[in-house]
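Please keep the sequence and the model in view while going through the numbered points.

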Amino acid sequence: MSLNFYRRVAFGLSPNENPDKDPLNWAINQLDTIPDLLWPGTIPTEKDLRKKYGEWVYGDREVLRKKFKNDKHAYRKAKDELRIKTGERYFELNEHAIRHFQTKYSKQPVFERFWLFWGNHFAISEKDFLAEFSTGPYQREIIRPNMVKTFEEMVLSVTTSWCMIHHLDNSESFGPNSKKGMEWGETINENHARELLELHTVSPNAGYTQEDVIQLAYIMTGWAHKWDRKNLETGDIWFDQEMHQKGDKIVLGVKYKNDAKRELAKVIHDLATHPICIKFVSTKLCRHFITDEPTEEMIDPVIEAWNKSNGSLIEIHKAVITQAYKYNEITHKFHPPEIWLMQLSRMFDLNIPLSFEKMNYTFKSKPNNRQRQLSWILREIGNSPYRAKQPNGWSDLEVDWVSPELLLRRFWFASVELPMLVKSGNRSHDFILACLKNNFEDHENMASLIDNFRFGTSDYDLGQKYGVICNLPGVLKI
Amino acid sequence: MNCTRRNFLIGGSTTLFLSGYFPKISFASMQKKNLIIISLRGGMDGLTAVPVIGDKRLKKLRKKLILEDVLNLNSDFGLHPKLEIFHKLWQKNQAAFVHATNIPYTGRSHFDGQNLMETGAHIPYKEKTGWLGRGLLASNIIGKGLAISLPMPLLLRGVPQNNNFFPSPDFVETKLIDQIYNEFKGEHNELIKSTLDTIRQRPLSMQIATDSDDRKKLALEAAKQLKDQSGPRVAVFDLDGFDTHAAQGGVDGAHADELEEVNKIVTILHENLGQAFDNTLILTLTEFGRTIKQNGGYGTEHGYGSAILMAGGLLKKSQVYTDWPGLKKKELFEGRDLNSTVDSRAVYNSAMSICFNQDPEFLRKEVFWGDELPDLSQELFKI
């Protein structure tokens with residue numbers, strides 16, 4: 001078995017890890033339990049951060065905008081101060097550190113790969129201040145605990161989470177015949193219903209119609225922020241009967257009797273166990289771990305595991321890994337920039353993310369450059385994880401990641417930034433050779449390409465070496 | 001305010017229907033034509049950029065946002081003083097505006113609106129490609145799109161082999177590529193290899209390091225590339241910050257700062273395209289306009305109708321092209337926003353037909369699903 005399996009399903013091997021005798025078992029054994037979060041620094045809760053979100057948004061909207069309505073400069077200054085006070089520029093950095101600490105040090109890196117996958121399947125794209133305050137905690141508190149449950153349970157959790165409801169506007173969706181809908185002349189907002197069908201469950205392959213979208217939106221009406229004067233849209237999610245569309249609904253030919261808040265769990269059950277949903281999501285999983293265009297032969301055993309286990313994610317994950325192992329030698333998979341960065345950090349033990357002591361924030365001045373570094377790098381290589389542009393998340397296809405600038409950014413990172421992240425004890429040529437040997441079959445060929453610089457340990461020399469190694473076809477891809 | 005409703009839209013499309021479409025093959029059409037789109041994210045306020053003159057109602061509703069010294073366009077409309085280059089080009093028939101226009105989207109969400117301004121569709125997120133990408137593909141113009149951004153904008157998606165320009169903060173030695181180029185073997189490495197080819201063939205001027213937040217430098221390089229007869233035919237710029245809920249101001253407010261950015265880009269393009277400016281169209285794109293009434297923070301809220309700022313030698317003449325809906329309460333969309341009387345996709349479809357030498361009817365079907373979009377080429381552009 002090639003060493004690239006450790007990158008296919010995880011992040012490669014760090015200098016103090018050795019290849020396992022039984023890589024398949026090594027991988028499969030990582031999926032039964034949820035590993036603890038390892039970040040020793042602050043891990044704020046979603047609810048705490050939502051409070052901060054409120055302080056920031058209302059502080060600006062209701063206070064500063066009025067106070068400085070005549071003076072754009074004073075307004076900007078006051079807004080920047082509020083930013084600092086509420087950590088608006090800090091919490092996302094902290095979330096990136098939590099995430100990358102996990103992928104770098106976790107004893108269950110295969111689990112962490114699935115964590116990244118599901119967070120992106122149920123993506124929260126860049127909207128309002130979600131990336132600043134909410135998307136990170138959503139990944140930790142909604143996605144992660146559900147990874148040892150069923151797919152159906154995960155869909156239900158996601159669909160009723162504050163983050164997704166805010167992201168897809170379900171709070172603004174009123175049943176036109178509901179009490180509030182009639183009183184205020186409001187109607188549905190279809191966004192969330194459409195994405196629940198299209199992206200989260202059955203996909204357009206199910207052949208649903210616009211009427212199905214509308215009917216599902218009716219079922220979903222009422223799941224909304226709990227509004228009050230103090231919290232506005234940052235209140236908890238609840239079911240507001242007065243927003244809920246009365247009457248029976250029909251989605252994909254199935255009738256759902258008028259049953260208030262219980263309708264949602266019923267329709268999600270049917271969507272999450274729909275054969276087309278199972279095939280769609282199984283294909284996405286295989287696409288992520290095996291190759292861009294997986295064959296039916298690759299996907300079928302995953303579908304089988306799904307059916308046998310009634311959608312148990314543990315069993316589904318194991319089937320995916322088994323398939324990834326089976327096809328490891330004959331398929332190729334391109335890795336998007338963030339996974340590439342995580343792999344480099346783990347394989348070469350780079351000094352990123354920052355230590356938790358240095359990540360500590362005082363809420364008194366702007367986060368410093370070092371605190372911003374990881375997030376800045378992610379942005380510069382084009383893959384800031386919680387800022388996907390669309391609700392369909394980041395693409396898993398090579399074709400979307402291979403543009404001139406996106407490739408150049410990898411050369412830039414490896415040759416200019418990476419040398420500054422090499423720990424002082426790891427600057428020798430031998431260290432690089434050992435890491436290569438630990439992770440790549442053709443390490444000798446790789447070493448020969450950087451042999452000219454074997455005596456160099458300056459940043460420039462390291463840049464020449466890493467610039468070459470990190471962008472080789474066998475590193476960009478497996 | 002002397003504007004009245006005008007019925008030229010019907011006239012324009014009928015003429016075309018009768019005459020059929022016969023593209024002229026002349027020397028001019030053999031020249032490469034450039035189409036440049038500048039996305040103005042956040043909702044550009046058409047009434048700040050191209051204010052109506054002497055409208056009492058607007059003055060009353062926007063006490064704190066009224067512009068004192070607008071540049072003169074015609075008896076009905078003025079121009080924001082920060083849009084100097086447009087005023088200069090106006091004198092030469094190289095600037096024009098479409099007013100009271102928007103994509104057919106009334107939902108007032110940035111998120112959905114920006115998706116629709118790029119896909120050109122009616123339902124957010126339904127389409128995964130952009131109207132510009134589809135237009136290029138339908139016109140069989142491949143590998144001629146240049147995005148001035150790191151991700152490939154949705155607007156350009158749908159056609160393969162686009163280039164982009166958004167240099168990293170530090171210089172990248174492209175000789176690194178030479179050292180590993182031959183390692184890319186086999187079919188599965190073809191895509192990366194051909195992209196490395198594109199990088200290696202890039203002119204020296206594109207192999208720079210810069211602060212990519214400095215749009216001036218990027219515009220300068222874009223102009224250089226567009227000027228090249230064998231270079232890109234389409235460029236897409238991205239600006240944001242038009243969402244001025246507070247301290248929007250008049251001549252010198254927050255919205256003015258954003259318009260100044262547009263002005264800078266167009267100035268640089270004009271100065272550096274040289275002769276090629278004659279064969280260029282620059283158009284802005286936004287998700288919606290803003291409310292007529294100022295809010296408690298002397299800003300404005302999300303609205304509907306906006307304006308398209310246009311520059312370039314392919315414009316027919318200087319004009320404010322509009323079917324002005326009026327600003328009386330009952331004339332406003334939902335009683336609060338400037339209405340949209342021109343589907344802005346008609347403008348973009350017509351612009352593509354001019355720049356890609358394509359039948360607008362064909363593009364309308366290929367790109368916009370046959371939606372009712374009148375051909376405005378005769379009114380707006382040099383045919």
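1. Chain A is assigned domain 1 (46-148), domain 2 (162-272) and domain 3 (337-476); domain bounds of this kind come from an automatic or database domain assignment. Taken over C-alpha atoms, the centres of domain 2 of chain A and domain 3 of chain A are separated by 43 Å.

2. This is a predicted model, in which local features need pLDDT of at least 70 and side-chain atom pairs count only at pLDDT 80 or more, while totals for chains, interfaces and linings use all residues. Residues are numbered from 1 along each chain as its sequence is written, and chains are lettered from A and ligands numbered from 1 in the order in which they are written.

3. Chain B is divided into domain 1 (8-166 + 213-380) and domain 2 (172-207). Between the C-alpha centres of domain 1 of chain B and domain 2 of chain B there are 35 Å.

4. In chain A, helix 15 (residues 275-289) packs against helix 16 (residues 296-308) at an angle of about 125 degrees, with the axes 9 Å apart. Helices (H or I, at least four residues) are DSSP runs numbered from the N terminus; axes are lines fitted to C-alpha atoms, for helices over the stretch in contact, and angles run from 0 to 180 degrees between N-to-C directions. The angle makes helix 15 of chain A oblique to helix 16 of chain A (under 35 degrees is roughly parallel, over 145 roughly antiparallel, 65 to 115 roughly perpendicular, and the rest oblique).

5. Which residues of helix 15 of chain A meet helix 16 of chain A? They are A:Ile278, A:Lys279, A:Ser282, A:Thr283, A:Leu285 and A:Cys286, and their partners in helix 16 of chain A are A:Met298, A:Ile299, A:Val302, A:Ile303 and A:Trp306.

How values were computed
Helix = DSSP H or I, 4+ residues; strand = E, 2+ residues; numbered from the N terminus. Contact = placed C-beta atoms within 7 Å.
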